[in-house]
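User: I have a model open and a few things to ask about it. Can we go through them one at a time?

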Amino acid sequence: MAPVTSLASTVDQRIADALSATLPEAGSVDPLLRRSDRADFQANGILALAKKLKGNPRELAAQVVSAIPTQDVIKDVEVSGPGFLNITVTDRAIIETLTARVADDRLGVPYAERPGTTVIDYAQPNVAKEMHVGHLRSAVIGAAMVEILEFTGEKVIRRHHIGDWGTQFGMLIQYLIEHPHELDHESGTGDDTHVEGSTALDGETAMSNLNRLYKASRGLFDSDEEFKTRARQRVVSLQAGDEETLTLWQRFVDESKIYFYSVFNQLDMEIHDPDVVGESGYNDMLEETCRILEETGVAVRSEGALCVFFDDVKGPDGNPVPLIVKKSNGGYGYAATDLSAIRDRVQNLDATSIVYVVDARQSLHFKMVFETARRAGWLNDEVRAVQLAFGTVLGKDGKPFKTREGETVRLVDLLDEAVERATAVVREKARDLSDAEIAERGKQVGIGAVKYADLSTSAARDYKFDLDQMVSLNGDTSVYIQYAYARTRSIFRRKGDANPVPHPELELAPAERALGLHADQFGEVLAEVATAYEPHKLAAYLFQLSSLFTTFYDQCKVLDENNPAEVVENRLFLCEITARTLQQGLALLGIRSPERL
């Protein structure tokens with residue numbers, strides 16, 4: 001089905017046509033249309049136009065009003081203030097537009113005009129290390145942007161740039177060689193691993209094995225000089241591609257993936273093995289990347305290292321701070337890997353956009369990497385790279401989130417507590433749910449609460465992690481939105497023989513108009529979110545839709561037997577468009593919509 005033109009777009013075009021007809025000398029003019037609390041919409045473009053034409057804005061506004069056709073879509077236009085246009089649309093136009101949306105599987109949301117290929121780099125834990133609260137934002141924000149961009153028609157390629165290479169593996173592998181049974185465990189019977197050929201066991205057991213081995217090997221590394229020497233030699237063997245060393249390295253990677261996947265599964269996120277391309281995936285490209293940069297003059301030798309310099313990046317002493325691509329000892333820095341990844345994503349994956357969902361504290365590094373890639377010609381006007389930078393998760397005290405002992409909070413502990421709190425809330429409200437259903441809803445509400453708290457904050461800002469607020473039925477929370485959705489389902493379970501049927505001929509109550517107008521904005525909000533990589537605007541839209549539905553529910557009794565049948569049917573229709581919009585919007589944010597709460 002064809003995409004549905006929103007009322008805002010229709011009104012905007014009507015005003016633009018009237019401006020052109022009335023004031024042809026002005027050329028193309030943006031009406032500057034926005035939603036208004038004084039009417040349905042307000043157009044402010046005449047003020048700038050009057051200044052340009054040196055005319056009286058109220059007089060110009062009156063001329064434009066006389067050229068605007070009314071009745072079918074626009075009910076009334078009045079001039080207010082210095083020359084604003086306050087525009088009210090007809091009730092019929094609201095219901096007819098929503099009717100077209102309900103008839104479409106996509107709610108009338110258009111696909112992007114020029115979809116491309118976007119590589120999204122997100123959810124990047126480190127091998128042999130536990131995931132902590134700091135890994136939450138990249139995973140949640142990245143997963144939401146994947147869903148949103150795919151919904152708009154973009155081809156999305158997921159990449160999980162895990163930390164699977166580095167000097168620490170020399171220590172780990174050497175210890176495992178000398179203590180060969182440290183990663184052994186009894187075979188499980190589950191199927192929760194995504195790693196081909198690895199033993200199925202739960203993620204906690206996998207992480208426990210890795211933690212124990214890491215602490216033991218670190219203790220030996222720090223206390224035994226001979227072991228330290230052997231460990232450093234093992235790094236050389238790893239980088240040289242020694243078969244035994246690589247086999248053991250792969251065991252660490254596989255064991256870690258079991259753990260990663262169990263955590264992502266708890267987060268209700270799908271991670272596919274082919275999308276996991278860690279630092280090691282670009283090893284074969286590093287030398288060529290350095291050669292190209294040096295031959296083209298993008299990088300130069302400085303004190304034995306291969307560096308890229310920037311006029312606007314200087315240290316406290318005023319001297320330039322370079323991006324080090326290759327160290328003076330021959331080792332490769334993170335920059336070499338990141339630049340090789342850009343080459344791969346542009347040349348092999350045909351990316352037109354690359355989005356890095358990475359901590360804001362790495363902004364300078366990525367600024368330098370992107371500029372280097374531009375100088376090398378890998379990024380240009382046709383291919384762009386963007387850092388979707390995110391802030392820090394804070395505790396209630398406004399400081400970085402830590403345990404009482406000052407340790408970094410384990411992600412699994414945080415998620416477990418969220419589910420536990422949410423389950424208690426669901427149990428308190430539950431009327432006809434079994435224990436199994438309460439447990440299932442508790443997980444959906446708890447994980448949804450964690451995701452929404454993250455996504456409802458502008459990514460660049462820090463936010464406070466407050467579970468009490470997150471699982472509250474009041475305020476800007478996912479629980480509030482889920483409850484609004486569940487309330488629509490409750491209405492439909494009790495509707496009897498009545499069905500949702502639009503009635504454009506009816507006069508709408510104020511709460512019905514407000515709900516309908518907001519539901520009509522879904523496609524425009526998604527387009528803005530996809531273009532600017534700002535999922536918090538979708539979260540804000542869904543919260544507002546839920547708030548408007550709550551007002552509608554309180555003021556307009558849906559199943560009142562004293563209402564005419566057509567009023568009941570029309571209100572059920574408004575419940576239907578609201579429910580579908582909430583469900584689709586929450587799904588794009590990675591949040592479930594329970595039918596009952």
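User: In what sense do strand β10 and β11 pair, and over how many bridges?
Analyst: Strand β10 (residues 353-356) and β11 pair in the parallel sense over four bridges; two strands pair if DSSP finds at least two bridges between them. Helices (H or I, at least four residues) and strands (E, at least two) are DSSP runs, numbered from the N terminus. This is a predicted model, so local features need pLDDT of at least 70, side-chain atom pairs count only at pLDDT 80 or more, and totals for chains, interfaces and linings use all residues. Residues are numbered from 1 along each chain as its sequence is written, and side-chain values use heavy atoms, with hydrogens and water left out.

User: Which residue is the bridge partner of Ile354 in β11?
Analyst: Ala385. Buried means under 20% relative accessible area, exposed over 50%, partly exposed in between (1.4 Å probe, protein chains only).

User: What do β10, helix α12 and β11 make?
Analyst: A right-handed β-α-β unit, with α12 spanning residues 363-376. Right-handed means that, with the strands pointing away from the viewer, the path from the first strand over the helix to the second runs clockwise.

User: Next one. How many residues of strand β6 are buried?
Analyst: Four of the five residues in β6 (residues 155-159) are buried. Strand β5 (residues 117-121) pairs with β6 in the parallel sense over five bridges, and Asp121 has Arg159 as its bridge partner in β6. The chain crosses from β5 through α5 to β6, and that crossover is right-handed.

User: Leu149 is in helix α5. Why does Leu149 count as buried?
Analyst: Because its relative accessibility is 5%.

User: What does Leu149 touch?
Analyst: Not counting residues up to four places away in sequence, Leu149 touches Thr118, Ile120, Glu154, Val156, Ala530 and Tyr533. Contact means heavy atoms within 4.5 Å.

User: And where is Tyr533?
Analyst: Tyr533 follows α18 and has a positive phi, near 55°.

User: Which residues of α18 are buried?
Analyst: In α18 (residues 522-532), the buried residues are Phe522, Gly523, Val525, Leu526, Val529 and Ala530. They cover an arc of only 160° around the axis, which puts them on the same side of α18; the arc is that of the directions from the helix axis to the C-beta atoms.

User: What covers them?
Analyst: The cover includes α5 (136-151), α17 (510-519), α19 (535-555) and α20 (565-588).
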